[in-house]
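Dear colleague,

Please find below the structure that I am handing over to you.

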Amino acid sequence: MGLRTGVLAVVVLLIAALAALNWSVLAAPTVMSLGFMQVTAPLGLIMLGLTALLAIFFAAYVVYLHSTVFFESRRHTKELQAQRDLADRAEASRFTELRNFLESQENAHMARNAERHAALLARVEQLENAIRLRADQTDNTVAAHLGQLEDRFERRPASSAAVMPPAV
């Protein structure tokens, strides 16, 4: 229970206790003026009734205000939920756009890598062919030099062979 509700309950209890303790005074008839006529009635009960009527009026007003605030709060909650849903859809759209952008970038990157890989393989193939050609040329050159050396040894006279030291 809040502080205001507690204070209000204490005031209502004090009024009820005061009315119960002084009931005979409240119920005593008195001559009252209504402005255009005079009436004999218990003034205390009339004042107590007007206080009760005023309390009922204020309670009804509080209920009205509370229901108005409640309905307004529900309307704001629905609007807020609609805005939240709209923001979520916009965010999902941005995420979809970002994913599409990243996929296109990745595809472009993969295409560039494939081109570079193909170019690298072609270059390696060229280098392998060049190395094979060079190795074949080197083999041919060595074979030609060996053939020339064999021809020289075969054409040389036997006397010069005796001068040469034996091979180890």
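A pocket, as the word is used here, is an open set of grid points with protein on both sides within 12 Å along at least five of seven lines, and its lining residues have an atom within 4 Å of a point. Please note that the model is predicted.

The largest pocket holds about 340 Å³ of space. Its lining consists of L8, V11, V12, I15, L48, T51, A52, L54, A55, F58, A59 and V62. Helices α1 (3-21) and α3 (43-155) each contribute at least two residues to this lining, and α3 gives the most, with eight. By class, 11 lining residues are nonpolar, one is polar and none is charged.

Four salt bridges were found in the whole structure. E72, R75 and E79 are linked in a network. E72 is partly exposed, at 32% relative accessible area, as is R75 at 38% and E79 at 40%.

A further salt bridge joins E91 and R94 (2.6 Å, N to O).

Finally, strands β1 (residues 29-33) and β2 (residues 38-42) run antiparallel and are joined by five bridges. S33 stands opposite Q38, and G35, in the hairpin, takes a positive phi near 100 degrees.

Yours sincerely

Notes. Residues numbered from 1 in each chain as written. Predicted model: local features only at pLDDT ≥ 70, side-chain atom pairs only at ≥ 80, totals over all residues. Heavy atoms only, no water. Pairing = 2+ DSSP bridges. Helix = DSSP H or I, 4+ residues; strand = E, 2+ residues; numbered from the N terminus. 1 Å grid on protein atoms, 1.4 Å probe; cavity = no way out; pocket = protein on both sides within 12 Å on 5 of 7 lines; lining within 4 Å. Points joined across faces, edges and corners; volume = space filled by probe spheres on them. Nonpolar A, V, L, I, M, F, W, Y, C, P; charged D, E, K, R; others polar. Salt bridge = Lys/Arg side-chain N within 4 Å of Asp/Glu carboxyl O. Buried < 20%, exposed > 50% of the residue type's maximum accessible area, 1.4 Å probe, protein only.
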